[in-house]
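Reader: I'd like to learn how to read a model like this one. Could you take me through it feature by feature?

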Amino acid sequence: MRSIWNGAISFGLVSIPIKLVNATESHTVSFRQIHTEDGGRIRYRKVCELEDREVTQGEIGKGYEDADGSIIPITDEDLAHLPLPTARTIDIVAFVPADRIDPLQMEHAYYLAASGAPAAKPYTLLREALKRSRRVAIAKFALRGRERLGMLRVVDDVIAMHGLLWPDEIRAPQGVAPDADVTVRDKELDLADALMDTLGEVDLEDLHDEYREALEEVIAAKASGEAPPEAPEPARGGKVLDLMAALENSVRAARESRGEEAEVRHLAPREPEPASAGGRAGKSGTAAGRAGTAAGKSGTAAGKSGTAAGKSASAAKKTTAKKSASASAKKTASKPQSSKTAKRTAAGAGARTSTAKKAAAKKPAAKTASRKRTA
């Protein structure tokens, strides 16, 4: 990798020659400006406004524009002789725990490579000291015409440096937080925790730039004369009216995507939201309807029980009538009577039996007649 800066790390009285190398690279697809009518490139030419001619890169230097509009030339030699110890040195000023650094301060990342064999030993010493102390080094350095703040830490077996913004370059987040006084319930937090647990962790190596891949597909299709791929339907968004329902649906969808059980009701039983008078009346009506349904079912069950009881009573009456008729018939047969008396007795017994059996069914009437003939 090509170095972008050469200097040394100042570690007390120890000087470590190093080379600064970019630790990151951009994979952004870049575009050129073109003339839409004929596809010609649009180029910017560097022209001297006094001579009205184009100049080469070697003729271009730096200058500072003063308040009155005059230009003060600044040469590389002027910058090399700045009265600062950090002009060519990464000057370590402190060692602090890593959590003392606010991520908002972090800028570009660089690798620090040992420059030459003599730098190997002090470089390794600083690296191992950082590892054992579990701290990071705070340093000052000058790069691209300004003094910067940096943080040195160990990445594998290499010392890396993150450029840091100065504390006064971080804006205070005033007026960014919601103005409304919002209360978050414990059940909502429980569902949010469940959603975070369901989504789980991710291996950052598996993440990739899908936008760049889609853009490359479009470019490839255009280059081959094919129609670009169709854009998928955008996900329908909507205003979240019920936060609990949205959280539950999110947990359910995340679990289904992982092939897990989608039931989430046991995580946070739903509580009724405060409603208007009309809403409460509607819910009361619904509850009354459910109560009426339950009462109807109970009444139906009672009716069935009454029917069963009536059947049992009819059967009991029928049995009693049979026994009474049989007993009367026996008594009549045992006493010597005239044929008319016997007939009247049998007829009376049959009439009583017929009256008792009419309440139960019609078939017993035939049996009564049969007993009548027998008597």
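Reader: Among contacts between residues at least 6 apart in sequence, what share joins residues at least 24 apart?

Author: A contact means heavy atoms within 4.5 Å. Here 58% of those contacts join residues at least 24 apart. Keep in mind that this is a predicted model, where local features need pLDDT of at least 70 and side-chain atom pairs count only at pLDDT 80 or more, while totals for chains, interfaces and linings use all residues. Residues are numbered from 1 along each chain as its sequence is written, and side-chain values use heavy atoms, with hydrogens and water left out.

Reader: How many helices and strands does the protein have?

Author: Helices (H or I, at least four residues) and strands (E, at least two) are DSSP runs, numbered from the N terminus. This protein comes to eight helices and 11 strands.

Reader: Which strands make up the closed barrel?

Author: Two strands pair if DSSP finds at least two bridges between them. Seven strands form the closed barrel, in the order 1-2-8-11-10-9-7, and the pairing is mixed. From one strand to the next, the twist averages 40°, with axes being lines fitted to C-alpha atoms (for helices over the stretch in contact) and angles running from 0 to 180 degrees between N-to-C directions. Take strand 9 (residues 135–143) and strand 10 (residues 146–155): they're antiparallel, with seven bridges. There, alanine 137 sits opposite leucine 152 of strand 10.

Reader: In the hairpin of strand 5 and strand 6, which residue takes a positive phi?

Author: That's glycine 69, with phi near 95°, in a hairpin that has five residues between the strands. Strand 5 (residues 62–65) and strand 6 (residues 71–74) are an antiparallel pair with four bridges, and lysine 62 faces isoleucine 74 across them.

Reader: Which residues of helix 2 are buried?

Author: Buried means under 20% relative accessible area, exposed over 50%, and partly exposed in between (1.4 Å probe, protein chains only). In helix 2 the buried ones are Pro122, Tyr123, Leu126, Arg127 and Leu130. They lie on the same side of helix 2 because they cover an arc of only 140° around the axis, judged by the directions from the helix axis to the C-beta atoms. Lys121 and Arg132, on the other side, are exposed.

Reader: How much of the whole protein is buried?

Author: Of the 375 residues, 19% are buried.
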